[in-house]
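Me: I am new to reading protein models. Can we go through a few features step by step?

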Amino acid sequence: MRALINSYDVVVIGAGPAGSMASYNASKMGAKTLLIEKSQEIGEPVRCAEAVPKIDELYGIPADPSFVRTTLDGGYIIAPNGKVIAIRGGKTDGYVVERKIFDKHLAIRSANQGTKIAVKSRVTNIEKEGSGYVITINHMGEEYKVRTKIVIAADGVESSMAEMVGLKSKKNVKEVCSCAEYEMINGKCIDDKMLELYFGGVAPQGYAWIFPKGDTVNVGLGIIGGKKSALEYLDDFITNPILEGRLENATPVEFKCGGAPVGGPIEKTYAEGFIVVGDAAGQISPLTGGGISLSMDCGLIAGEVAAKCIKQNDWSEEAIKEYETIWHEKYLHLLNNDLKYKSILQQLTDTELNAIGDSIEGDLDDVNVPKIALKAVKKSPSLLKYLKEIL
């Protein structure tokens, strides 16, 4: 494509939610922007459970029927003993979407602001040239070199772009959650508008889930370590008595797998003319493994800061640092808390998880971890050794 031989103000690598939101804002604010995607189809392969927040309320993106499969009213937390705790609203409402269509929708939305998109394009090298970069791209089997002032790396959990400019983005394998999921037909949910989250031995140091998705259900889990593969744990979960046979007649129509970096954000997410965003930056909840909402918002911040730097003709490290300052102020405290909660959760046995579940009476209107911890300790004082850091 001739577009690839030009120079750009901003080049975004990776057309997931973070990359598409970054390119959208950069283009909207006047920066000449290129969005690069290594897959031949944006949105493929799908590597998550496909739940997103209220995008219409948070980002002004209409919840289009073309990609929305279920509108969520909340979720259920299920303890190892089968105790069901309902959470209505809060962070659990939103949508289950068809990610293949949703991701493409975000990219099209960006293109409508003027972003040029190059699919089936793999970045093989990034070199500093003056105050900008030269990016080598293998596009459709041909090599191109593109010059740009600013690079936004949104290349996912396996990110290598940041390493090319000296930032440390490699994830500790012990802090990457291994995930496996079936999309299944003929499965039954407790409620067709509620998520289901299962904790304990069914998914060591992680959790299992059942998400309603219109005519199908997403059934998956994420683990860290464990004596078996994520797929083996998933197959065991489907026949677990705790599900009361709700999946006994279900059959897979799609299998998805991937990794979620749950070790917290990388140490530094910027350099001169360079920004790291989304899973590549570790912008994902260490507790839940959910990162779409956070990635989308940090993508918007990245695009805005990049465009601002272009307008001011200053993309020095000091100018680019504004990106990290803003996203840290909004989210770093939350991520650090989730990291602490995850560490505690991973130490609890099924018996202790049951004690926490049994201490909760009635529905919750949100997940207030300190409040839940206080109730649990009052009912089971032995839990204090784990939960004292939260109280």
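This is a predicted model: local features need pLDDT of at least 70, side-chain atom pairs count only at pLDDT 80 or more; totals for chains, interfaces and linings use all residues.

Me: What does UniProt list for Val 369?

Reply: An unreviewed UniProt entry lists Val 369 under "binding site". That label comes from the record.

Me: Is Val 369 buried or exposed?

Reply: Look at relative accessibility. Buried means under 20%. Val 369 has 18%, so Val 369 counts as buried.

Me: Which residues is Val 369 in contact with, leaving aside neighbours within four places in sequence?

Reply: Tyr 341 and Ile 390.

Me: Now a loop. Where does Ser 39 lie?

Reply: Ser 39 is in the loop between strand S2 (33–36) and strand S3 (51–52). Apply the cut-off again: under 20% is buried. The relative accessible area of Ser 39 is 14%, so Ser 39 is buried.

Me: What does Ser 39 touch, not counting residues up to four places away in sequence?

Reply: Glu 44, Pro 45, Val 119 and Lys 120. Look at Glu 44 again: its backbone oxygen lies 2.9 Å from a polar side-chain atom of Ser 39.

Me: How is empty space found?

Reply: Roll a probe the size of a water molecule over the atoms, and it shows where empty space is left. Here, the second largest pocket holds about 160 Å³ of space. There are 13 lining residues, and the closest to the pocket centre are Lys 170, Lys 171, Glu 175, Gly 264 and Ile 266.

Me: How many residues of each class are in the lining of the second largest pocket?

Reply: Five are charged, four are polar and four are nonpolar.

How values were computed:
Residues are numbered from 1 along each chain as its sequence is written. Side-chain values use heavy atoms; hydrogens and water are left out. On a 1 Å grid over the protein atoms alone, a cavity is a set of points where a 1.4 Å probe fits but cannot get out, and a pocket is an open set with protein on both sides within 12 Å along at least five of seven lines; lining residues have an atom within 4 Å of a point. Grid points are joined across faces, edges and corners, and a volume is the space filled by probe spheres set on the points. Ala, Val, Leu, Ile, Met, Phe, Trp, Tyr, Cys and Pro count as nonpolar, Asp, Glu, Lys and Arg as charged, and the others, Gly among them, as polar. UniProt positions are given in the numbering used here, feature names are shortened, and annotations may be inferred rather than shown by experiment. Buried means under 20% relative accessible area, exposed over 50%, partly exposed in between (1.4 Å probe, protein chains only). Contact means heavy atoms within 4.5 Å. Helices (H or I, at least four residues) and strands (E, at least two) are DSSP runs, numbered from the N terminus. A polar contact is a pair of N or O atoms within 3.5 Å; within protein, one must be able to donate a hydrogen and the other to accept it, and residues adjacent in sequence count only if both atoms are side-chain atoms.
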